[in-house]
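The following paragraphs lead the reader through a structure, beginning with a single chain and ending with the relation between the copies.

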Protein chains: 2
Amino acid sequence: MSLITPIAPLAGGYFSGKTLVQLAEALRSRRVSALELTERALADIAIANPLLNAFTYVAVKQARHSAVEADRLLAEGNDLGILHGIPIGIKDNIMTAGMPTTMGSAHFRDWIPERDASCVAALKRAGGVIIAKTTTHEFAYGPTGDCSLQGATHNPWDRSKMTGGSSCGSAAAVAAGILPVALGTDTGGSVRIPAALTGVVGFKPSYGDLSTEGVFPLSRSLDHVGIITGNPADAAAVYAVLVPVAERQCRVDLAGLNLRWVPPESFGSQDPQIVAAVKTWLHMACGRELPAAEEVAGWSTEVHQILGQIQKSEAYEIHAERVASHPELFQPEVLQRLRASREVRGWEYVRALERREMLSRRLVQVFETCDLLLMPTVAIRTPNLYDRTFYLDGQACEVRDTLLSLTSIWNLLGLPAVSIPCGLLEGLPLGCQLIAARGQDRMLMEAAQQLLAAGG
Amino acid sequence: MSLITPIAPLAGGYFSGKTLVQLAEALRSRRVSALELTERALADIAIANPLLNAFTYVAVKQARHSAVEADRLLAEGNDLGILHGIPIGIKDNIMTAGMPTTMGSAHFRDWIPERDASCVAALKRAGGVIIAKTTTHEFAYGPTGDCSLQGATHNPWDRSKMTGGSSCGSAAAVAAGILPVALGTDTGGSVRIPAALTGVVGFKPSYGDLSTEGVFPLSRSLDHVGIITGNPADAAAVYAVLVPVAERQCRVDLAGLNLRWVPPESFGSQDPQIVAAVKTWLHMACGRELPAAEEVAGWSTEVHQILGQIQKSEAYEIHAERVASHPELFQPEVLQRLRASREVRGWEYVRALERREMLSRRLVQVFETCDLLLMPTVAIRTPNLYDRTFYLDGQACEVRDTLLSLTSIWNLLGLPAVSIPCGLLEGLPLGCQLIAARGQDRMLMEAAQQLLAAGG
């Protein structure tokens, strides 16, 4: 297998299997124009969106205008870099000037921001063509991707299955080959979970690396902007555009890295077949068995309690007035979740922040003796759309909690984490999650490329 | 009048009216020894404490030992600076190795810490002689200074009156001339309020300037260590010992500073006679009427709501387990206050933190056009011990809220603030509060000295 994602049944899009480097080369050798790329994407959206519901708004005019401008600049020799002329999708909770931004909610049904979010402005400055808004779980408050003003997004691998969320549209758009790049947001796994369930790459950089200015908040101390692409090199390239530093290269040799496996069973019920499949893939890719990071394994209960208290307090603060004045405009499930969020006490939030600090200090110690942690991104079979319960060994488990169980800890602790595709089980993609110490984003993404190249 | 505090009826202590510079000079010219200073203080404690209840523990042995050591060092030519050989009192919620530290609570009736708080260790390194622990309102959770395991501290000006709190013992000890210096803590005014009501200087530096490591927390984001002395030069000198920087001198000319009056009436019910007395004193001292800082005046309601939510959440977090397991060990009033503190919601705390940030940004703007804000420290008549209600124009007012109403805002915003004595009304001291922008501590203390010299 190649670096390129396995092809989903609904992945007939133009960009399927194409890398940014290939596209950049084609643009510069005039084999294709930015306008053609945009027209391809627009055509694919028209065909696929009725099946996927991945887009909430298609910016036909603006995108064509930007593409023409990109072509003009390139013709003049003004080369803005790897994203120059590339069509990009933006999750519908990230502000885009002049394009409707609904947060997936009737509360913002008709809202059109006047300004771009920082990350969108940065993509535009780099020549990116903002072509569409992608579906989000309402207010990004849910990992299932099937609950919003615009309805559920369908998984390109099987339309009856969840994409996962909340960045459901961005993941489906990239998985279907409709777009090469899309931005998402990730507060508990909202970029990595749909990336895993649709077989693409979802990268959540270190907390604070990508500005959340102009992103509708869910839980401020957990919110991250994330990048969804078809392969890790593309995600690393977009990251380098958004977080430019003097030294972009990072020399990493996977064989020399100290890798540790985080046993996912300790984070709640997981499907043993999926855990085994990811472990086997990793074993093959690394050419060795990985020692377990036992110290992290014991953190589950504490992590999920702390995380719940922080997320609930911060999320309710954002929505308090809306819950009071117009509860009927929320999706019922999101409203119910918000109302429960109101009950956390101030002192519990304070305590949770302190315990988070303690965990962060312990984590620094873990990374003193290892370079990367590895685990599945999601370790249950992809649920059917709208399912809220699934059965494991005859025991009922909650879909939401289980989807989030392996990802949210890295939001709590602000670490960079990426989900890469690691094969299929019964025709549906699996995701392997790599986690690095804070600030080690470039090393993480270089390792992800090597791991995928080796594991294929 | 001189720089020196007016003398309280119970201010017969040896240190009454003596400055640190005078004491340092006397020590170095061998007119007095450190041991003699300690013996003077011990003798005064023995006489006055039955009347004042300002001390919870007297460290006779340790203090004599330290004083002898200080004399030995000085004789050898090892001069540790202005605090060398000076007896110092430490509030009973600040850890002192080998000395009981009760927090004024039965919960810690028999507790003896093994280590010194950072600030105590720093005083010791500077040659200070830790001589006694001073009474605190239980867990520093109250501004009246009359509710603790050890009972109420009495005001040296009138034993039937409150000293104010929570650093009641430190203020009474300095006001009575028993000690030249005492440390307190200030979370809502706990250094400045008792300083004002006992006619001494209470200085709360910028948030974070003095480490709270080893100080029993009340509300972490509001807690400050503070300094109580007889005059502002001494407080500035102690501050310089605790926060040494290359440039200790700060050239300030009071006449050239832009001073603004904060109308205290906008912060709730105040006694107009006291407001007028402080204003008149300031007018005289400055030689001019001060323009009002109207923008700050409007903040009262918001400030006190934010402050309440932050303090309650943080305070309950500290005490949650004690309230659950041993409620009977609290003073009933403190227990009641803690139980009410439990009710704040997580989202309200989060909102309060954000509103605090907004206020802080607005305050930066206020200080762009002014150097110092001035207002009374406390603008009601000193309440009788144990009173919880007083009457103003026939209207019942809460003692606690009113005592805190002019000071707590500067904890919320982390600004340096100092209370200096500004005369008497009906035989009881009044306090004038000076507030500067964050980090302007040295300018503030220099201005305080000049103002007191001018106002007398």
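**From domains to dimer**

In this predicted model, chain A is divided into two domains, domain 1 spanning 20-242 and domain 2 spanning 258-442. The C-alpha centres of domain 1 and domain 2 of chain A are 23 Å apart. Between these domains, 50 residues of domain 1 of chain A are in contact with 45 residues of domain 2 of chain A.

Which elements of chain A give two or more residues to the side of domain 1 that touches domain 2? They are strand 5 (158-162), helix 6 (192-198), strand 7 (201-204) and helix 7 (232-242) of chain A. Helix 6 of chain A provides the largest share of this side of domain 1, with 6 residues. Sorted by class, the side of domain 1 of chain A that touches domain 2 of chain A comprises 23 nonpolar, 18 polar and 9 charged residues.

The nonpolar interior may be considered next. In soluble globular proteins, nonpolar side chains tend to be buried together. Here the largest nonpolar core has 280 residues, and L434(A) and L434(B) are the residues with the most contacts inside this core. Because domain 1 (20-242) and domain 2 (258-442) of chain A both give residues to this core, the core lies between them. The surroundings of L434(B) can be listed individually: leaving aside residues up to four places away in sequence, L434(B) touches L372(B), L374(B), A417(B), V418(B), I420(B), L444(B), A447(B), A448(B) and L451(B).

The description now turns to the two chains.

Where the chains meet, 16 residues of chain B are in contact with 16 residues of chain A. On the chain B side, helix 10 (300-325) and helix 12 (346-366) each supply at least two residues. Helix 10 of chain B gives the most to the side of chain B that touches chain A, namely 7 residues. By class, this side of chain B has 6 nonpolar, 3 polar and 7 charged residues. Since 100% of the interface residues of chain B are also interface residues in chain A, the copies meet through the same surface.

Terms used: Residues numbered from 1 in each chain as written. Chains lettered and ligands numbered in written order. Predicted model: local features only at pLDDT ≥ 70, side-chain atom pairs only at ≥ 80, totals over all residues. Core = buried A, V, L, I, M, F, W, Y, C linked by C-beta atoms within 7 Å. Buried ≥ 20, exposed ≤ 12 C-beta atoms within 10 Å, placed from the backbone. Domains from an automatic or database assignment. Contact = placed C-beta atoms within 7 Å. Helix = DSSP H or I, 4+ residues; strand = E, 2+ residues; numbered from the N terminus. Nonpolar A, V, L, I, M, F, W, Y, C, P; charged D, E, K, R; others polar.
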